[in-house]
Amino acid sequence: MAADQKGGPLRTPDLGEVTTEVRPRLRRPPMYQVLLLNDDYTPMEFVVWILQVVFHKDASEATRLMLDVHNKGKGLCGVFTHDVARTKAVQVEALAKREEHPLKCEIQACAAS
Ligand code: TYC
């Protein structure tokens with residue numbers, strides 16, 4: 001479709017007036033932050049590993065973020081659609097529970113833009 005075709009009636013020399021398909025207005029999905037919470041018991045190496053396998057952080061970023069959470073109480077692991085954010089939070093807590101660590105995540109809606 002040409003760049004100047006915005007939907008609605010269109011004149012062409014050969015076909016006369018034709019109606020083009022109406023293009024739906026697309027909206028970006030709402031986005032959610034996944035925040036990792038500090039606790040006194042989960043080993044630091046386990047948190048670094050979680051940040052690598054669930055959030056695809058490299059070793060140095062995972063270590064920096066783990067220390068940030070350790071020092072400040074919580075930290076941002078990433079921003080995702082609701083399903084992805086929930087899935088990652090559930091994965092973190094399931095992996096932690098398997099090892100009997102109390103590690104928890106929070107998800108929080110981002111301000112609408
Ligand atoms: N505070 C934990 C400790 O000293 C380490 C830790 C860091 C735990 C980040 C959770 O999200 C966390 N072993």
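User: What is the distance from an oxygen atom of the ligand to a polar backbone atom of Leu-37?

Analyst: This is a predicted model, where local features need pLDDT of at least 70, side-chain atom pairs count only at pLDDT 80 or more, and totals for chains, interfaces and linings use all residues. Residues are numbered from 1 along each chain as its sequence is written, and side-chain values use heavy atoms, with hydrogens and water left out. A polar contact is a pair of N or O atoms within 3.5 Å. The ligand oxygen and the polar backbone atom of Leu-37 are separated by 2.8 Å.

User: Which residue has a polar side-chain atom 2.9 Å from a nitrogen atom of the ligand?

Analyst: For Asn-38, a polar side-chain atom is 2.8 Å from a ligand nitrogen. The residue at 2.9 Å from a ligand nitrogen, again through a polar side-chain atom, is His-70.

User: How much of the ligand does the protein bury?

Analyst: Accessible areas come from the Shrake-Rupley method with a 1.4 Å probe. Taken alone, the ligand exposes 350 Å². Of that area, the protein buries 89%.

User: Which element gives the most to the shell around the ligand?

Analyst: Helices (H or I, at least four residues) and strands (E, at least two) are DSSP runs, numbered from the N terminus. Two or more shell residues come from each of β3 (31-37), α1 (44-53) and α2 (59-72). The element that gives the most, with 3 residues, is α2.

User: Where does the ligand sit?

Analyst: On a 1 Å grid over the protein atoms alone, a pocket is an open set of points where a 1.4 Å probe fits, with protein on both sides within 12 Å along at least five of seven lines; lining residues have an atom within 4 Å of a point. A molecule sits in a pocket if more than half of its atoms lie within 2 Å of its grid points. The ligand sits in the second largest pocket.

Notes: Polar contact = N/O pair within 3.5 Å; in protein donor to acceptor, adjacent residues only side chain to side chain.
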